[in-house]
Amino acid sequence: MNLPEPTNFIEQFINEELENGKFESVGNKIIVRFPPEPNGYLHIGHIKAMCINFGVKERYGGELNLRMDDTNPAKEDYEYVDSIVDAVNWLGFKYDRLVYASDYYDKLYEIAEKYIKDGNAYVCDLSAEEITATRGTLTEAGAPSPYRERSVEENLKLFREMKEGKYPDGAKVLRAKIDMSSPNLNMRDPVLYRIAHVSHYRTGDKWCIYPMYDFAHPLSDAIEGITHSLCSLEFENHRPLYDWVIEKAGFKKPVPRQIEFARLNITNTLMSKRYLKKLVDEGFVRGWDDPRMPTVMGLKNRGVPPEALKKFCADVGVAKAYSVVNSAQLDSCIRDNLNENAERAMAVVDPIKLTIANYEGEEELDFEKNPVKDAGTRKIKFTGSVYIDRNDFSLDPPPKYKRLQKGGTVRLKGAYIVRCDDVKLGADGRVEELICTYFPETKSGSNAETTIKAKGVVQWVDAKYGKDAEFRQYEPLLKDEEYPDQDYAERLNPNSERVFFGKAEPYLFESELGTAFQLMRTGYYKHAECGDRLLLTEIVSLKDNFNK
RNA sequence: UGGGGCGUCGCCAAGCGGUAAGGCAACGGACUCUGACUCCGUCAUUCGGGUGUUCGAAUCACUUCGCCCCAGCCA
């Protein structure tokens, strides 16, 4: 058998099973699933889960079901289903089928009746509080429910009445009959079905009883023929129950195997759906797709290429140890990708006029689209009167300053070397205009002999042909040092704190392109919201690089 | 305190009894029409601690310390 080289312990485990012939009866086809609950937007933590699952699918030539784990009607909606599908598609992951746990409500109900008939489940009249009270503690066994020994007939009758809507919410539940003294609390007669007179976004009012995760998830896996059910570490304690549920339902082998991995944590951001929702609901960000958000759509709007995210996940790896990855690692993957793929543009944020006294007329210059790979050039117009950024000039330059200073030279990228002869100051003492001399023989790309040298290169925007674009710098939501690695809950004080994903990058721009692009010199990916003035050399369609 | 997991460089992470990969970060230096990129070099005598077994241990055993998860009719 041709087994792929495992990239993590999960694949290593799968390889061993394959070698042992565990899946021979199903043609050694590996089937996995990615099962988000449609109650929120996907974030970068989900991307890791997707990379793991889709990675297994691809390496084993298997299949993957995108499954909406929608068993709690109170929280779920199509809005989220749509956003999840959009996110998966944007990332370029190809699933084999889109399925819903709610598709199985009928089957699940039948299996529940089977449980009852087999004496593996019973209807319990205890209230939620009473169930909690009789569950016992970490060190003490729980007490059996007084309803634990009801007859099969009575249980069946009661369960059917539950289904028919005869009881109000909370009046009764269906419980598994396992072991009230198990050291694993999940095995102390867990609830399988609860009554909820809530209409479900897909099944409407057909049901008033809904299966719990611990019942629906393993059975959904088994029904779909999932071979490996990959989930995060906190479900480790559920595995015995997962196995029990499938076994009692009577599924034929091979039966799905749950494998757990550590979820992703990143410094400088929040990964909990609950707090992300809070940011949205309380207006700290524009929405789930705000570029400061670690959501898939937020990342997309930042101009982060999907491939960079996949690279990041691959670099970070899969293990079982709790970890917090430094956001610099993500930044590195993004920079790397953008450096390779992004077309370059020049922009000036805080302009100072630079006038070349000895230049006349205008011309078109060739501007390299991407110096890393051969992406060709485009034309930019030059009239000798340009803007450069305020911080590319210094009246009082520090040692080793490479940009422009009075009497010094600098290269206008893609154009000429200029020397600053005079500085005009405004009434407020701020630099208003630089009067320069250019050297024709230093034209970019020319091979003319010259002794003129410039230590630095600056971006510029032509005063006549440059274009305005709207932008606003984003406020970081939290200061760097305030970012919690954990226990961030209490730090989110609604009135004072702010959140930003990643370092507080100062230049995030968004023009009418609605996308990001890499600015020259800053060498970083940029994005923006509207608000202030930004000068661009030209509106180039960089959109294609990112937001497909 | 019961059970289940986890502890390898500042941050991730390989390693599966034969003598510590790699990435990020950092630090030197070269190069550069982005102070970017690229390049070259440095960065764990040591694997939470201890004790054993072994010719030989991060890898096995015992013990100890630390961290995470579980008492939702959430997923």
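Q: Which helices each supply at least two residues of the lining of the second largest pocket?
A: In this predicted model, helix H2 (44-59) and helix H11 (306-316) each do so. H2 gives the most, with six residues.

Q: What makes a residue part of this lining, and which ones are closest to the centre of the second largest pocket?
A: A lining residue has an atom within 4 Å of a point of the pocket. There are 17 such residues, and Cys51, Ile52, Gly55, Arg59 and Ala314 are the closest to the centre. The pocket has a volume of about 310 Å³.

Q: How is the lining of the second largest pocket divided by class?
A: Seven of its residues are nonpolar, five are polar and five are charged.

Q: Why is the second largest pocket said to lie between domain 1 (9-261) and domain 2 (274-343 + 470-540)?
A: Both domains give residues to the lining, so the pocket lies between them.

Q: What makes strand S15 (residues 385-389) mostly covered?
A: Buried means under 20% relative accessible area. Four of the five residues of S15 are buried, so the strand counts as mostly covered.

Q: How do you know that strand S12 (residues 351-356) and S15 pair?
A: Pairing needs at least two bridges. S12 and S15 are joined by five, so they pair, and they run antiparallel. In one of these bridges, Lys353 has Tyr387 of S15 as its partner.

Q: How do you know that S15 and strand S22 (residues 461-462) pair?
A: They have two bridges, and at least two are needed, so they count as paired; the sense is antiparallel. Tyr387 has Val461 of S22 as its bridge partner.

Q: What is the order of the strands in the open sheet of seven strands?
A: The order is S21-S18-S19-S20-S12-S15-S22, and the pairing is mixed. Strand S21 (457-458) and S22 stand at the edges with a single partner strand each, so one side of each has no neighbour in the sheet.

Q: Which residues of helix H8 (residues 239-249) are called buried, and what do they pack against?
A: The residues under the 20% cut-off are Leu241, Tyr242, Trp244, Val245, Ile246 and Ala249. They pack against helix H4 (105-117), strand S5 (173-176), helix H7 (213-224), strand S8 (228-232) and strand S9 (257-261). Contact here means heavy atoms within 4.5 Å.

Key
Residues numbered from 1 in each chain as written. Chains lettered and ligands numbered in written order. Predicted model: local features only at pLDDT ≥ 70, side-chain atom pairs only at ≥ 80, totals over all residues. Heavy atoms only, no water. Buried < 20%, exposed > 50% of the residue type's maximum accessible area, 1.4 Å probe, protein only. 1 Å grid on protein atoms, 1.4 Å probe; cavity = no way out; pocket = protein on both sides within 12 Å on 5 of 7 lines; lining within 4 Å. Points joined across faces, edges and corners; volume = space filled by probe spheres on them. Nonpolar A, V, L, I, M, F, W, Y, C, P; charged D, E, K, R; others polar. Domains from an automatic or database assignment.
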